[in-house]
Amino acid sequence: MAEGGKKSTSDLRVVICGGGIIGVSIAYYLAEKGVAATIIERRSVACAASGRAGGFLAKNWCDHNELGHLARKSFEMHKELAEKFGASKIDYRLLDTFQVDSLEGFHSDSDSGKPDWIDGCVTSVATLGNTSTTAQVHPYKLTHAMLEEAQKKGVKLIKGAVEGIKSTHDKRPKVQGVKIADQEEPIPCDIVVIAMGPWSHMASQWFARLPKVKGHRAHSIMVKPPTPFPAHACFIEHRLKNGITRSPEIYCRPDGEVYICGLGDDPELPDNPEDVKPDPETGEKLLGIVGEISTKLGQADIQRKSACFYPVSPDGTPLIGKITTAEGAYIATGHSCWGILNAPVTGAAMAELIVDGQASIVDLKEFSPKRFWEMGWY
Ligand SMILES: Cc1cc2nc3c(=O)[nH]c(=O)nc-3n(C[C@H](O)[C@H](O)[C@H](O)COP(=O)(O)OP(=O)(O)OC[C@H]3O[C@@H](n4cnc5c(N)ncnc54)[C@H](O)[C@@H]3O)c2cc1C
Ligand SMILES: *[C@@H]1O[C@H](CO)[C@@H](O)[C@H](O)[C@H]1NC(C)=O
């Protein structure tokens with residue numbers, strides 16, 4: 001027992017709601033500190049954005065905002081994870097990254113400076129990053145590798161839909177348990193962590209003054225060309241004849257598949273993660289653009305068409321920290337398009353905050369949900 005009758009860390013009962021990369025990363029780093037949490041996941045681990053994301057990682061692309069120091073730290077942590085698990089197990093590798101400008105119907109004869117699989121309507125190619133600043137990981141494989149390791153240290157995974165919190169009736173309620181649909185008894189706990197990605201919006205009904213996240217949908221398509229592509233990522237600015245610009249992204253993976261994503265929209269988030277579906281027309285548009293840029297990609301076998309929602313907070317900056325209106329409540333969500341990149345640092349910082357009372361790996365001050373109250377939003 002620790003001082004003052006506080007429970008020793010290994011007795012701390014932590015329940016993490018949501019088995020995406022953020023929830024699993026928190027469980028992974030808690031386990032490293034001797035706390036075996038319980039993860040409650042509604043469908044299956046990494047079934048949503050965390051399994052369907054591109055997995056693109058950039059060291060310095062968040063430098064213009066609050067996320068800069070988190071991203072830089074996390075970029076290095078991904079390297080350490082790849083060393084630990086073995087790069088091939090999680091499809092981690094360093095990349096050369098290009099900006100490709102293209103124009104519908106344009107034809108160029110010049111090949112200078114272009115990756116050779118880019119042979120279509122391209123007007124210019126520039127370098128955005130190289131193997132010291134950009135990398136990739138397979139987000140589904142990484143989430144499962146972290147889960148496996150955490151389970152070896154005693155982390156438990158329960159399938160269930162979290163539907164509420166049991167807490168005391170004090171002015172500042174103390175968390176006592178997590179209620180799961182169709183189960184009579186809540187799962188008892190001292191600490192609850194909300195990490196349900198876009199579905200974390202539900203927790204705004206469970207805790208006072210908790211800002212509500214939203215979901216933004218993006219589409220993705222996996223294709224497999226007959227021969228593997230090099231370690232390249234491409235950010236495309238494709239101008240249509242009608243003046244509209246589309247911005248698909250292409251990530252060539254080490255397993256020979258090529259991941260294509262983009263064309264986001266904002267339909268309503270379905271309550272059940274199982275009901276997230278791509279819009280077929282949008283998928284066709286995405287393939288059409290990519291086919292114009294690369295003949296080989298246009299002719300490649302289509303493996304999977306998908307869509308997922310990433311979580312966005314009201315000001316676009318993640319919510320990482322204590323929910324101070326209740327005792328024992330925490331949240332980590334709203335990572336928008338950088339949730340894979342920033343998962344390790346989020347997990348490690350949250351583990352420190354929960355166990356040590358403060359994060360030392362990075363300063364979480366700017367990510368506290370409290371910032372909205374200070375601005376009078378909530
Ligand atoms: C197309 C696309 C491409 C992307 N590419 C990249 C990229 O290249 N690099 C990058 O860094 N980021 C990328 N992202 C962003 C990244 O995917 C997300 O930020 C990240 O996956 C969010 O993780 P999460 O754990 O917060 O949420 P999620 O992955 O959504 O996980 C939440 C989990 O909670 C579960 N859940 C929901 N309701 C309940 C409930 N009631 N009870 C229990 N569990 C519940 C869900 O089933 C789900 O498994 C991309 C996103 C999209 C959509
Ligand atoms: C990557 O780019 C940076 C900045 O442009 C440069 O300083 C560095 O040498 C490059 N690294 C590699 C491995 O090419």
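Colleague: Which backbone oxygen does the side chain of Gln136 reach, and at what distance?

Modeller: Bear in mind that this is a predicted model. Gln136 sits in strand β7, residues 134–136, and among its contacts beyond four places in sequence are Tyr251, Cys252 and Arg253. From there, its side chain gets to the backbone oxygen of Cys252, at 3.1 Å.

Colleague: And which side chain does the side chain of Gln136 make a polar contact with?

Modeller: Tyr92, Arg93 and Leu95 are also among the residues Gln136 is in contact with. Side chain to side chain, the polar contact is at 2.7 Å, and the partner is Arg93.

Colleague: Is Gln136 buried or exposed?

Modeller: The cut-off for buried is under 20% relative accessible area. Gln136 has 2%, so it counts as buried.

Colleague: Now the ligand: how much of the accessible area of ligand 1 does the protein cover?

Modeller: Nitrogen atoms of ligand 1 lie 3.1 Å from a backbone N or O atom of Arg42 and 3.0 Å from one of Gly54. A polar backbone atom of Cys337 is 2.8 Å from a nitrogen of the ligand. Of the 1000 Å² that ligand 1 has on its own, the protein covers 98%.

Colleague: Which element gives the largest share of the shell around ligand 1?

Modeller: 38 residues surround ligand 1, with Glu41, Ser50 and Cys308 among the closest. α1, β2, α2 and β18 each supply at least two residues of that shell. The largest share is three residues, and it comes from β18.

Key. Residues are numbered from 1 along each chain as its sequence is written. Chains are lettered from A and ligands numbered from 1 in the order in which they are written. This is a predicted model: local features need pLDDT of at least 70, side-chain atom pairs count only at pLDDT 80 or more; totals for chains, interfaces and linings use all residues. Side-chain values use heavy atoms; hydrogens and water are left out. A residue is near a molecule or strand if one of its heavy atoms lies within 4 Å of it. A polar contact is a pair of N or O atoms within 3.5 Å; within protein, one must be able to donate a hydrogen and the other to accept it, and residues adjacent in sequence count only if both atoms are side-chain atoms. Accessible areas come from the Shrake-Rupley method with a 1.4 Å probe; for residues, only the protein chains shown count as cover. Helices (H or I, at least four residues) and strands (E, at least two) are DSSP runs, numbered from the N terminus. Buried means under 20% relative accessible area, exposed over 50%, partly exposed in between (1.4 Å probe, protein chains only). Contact means heavy atoms within 4.5 Å.
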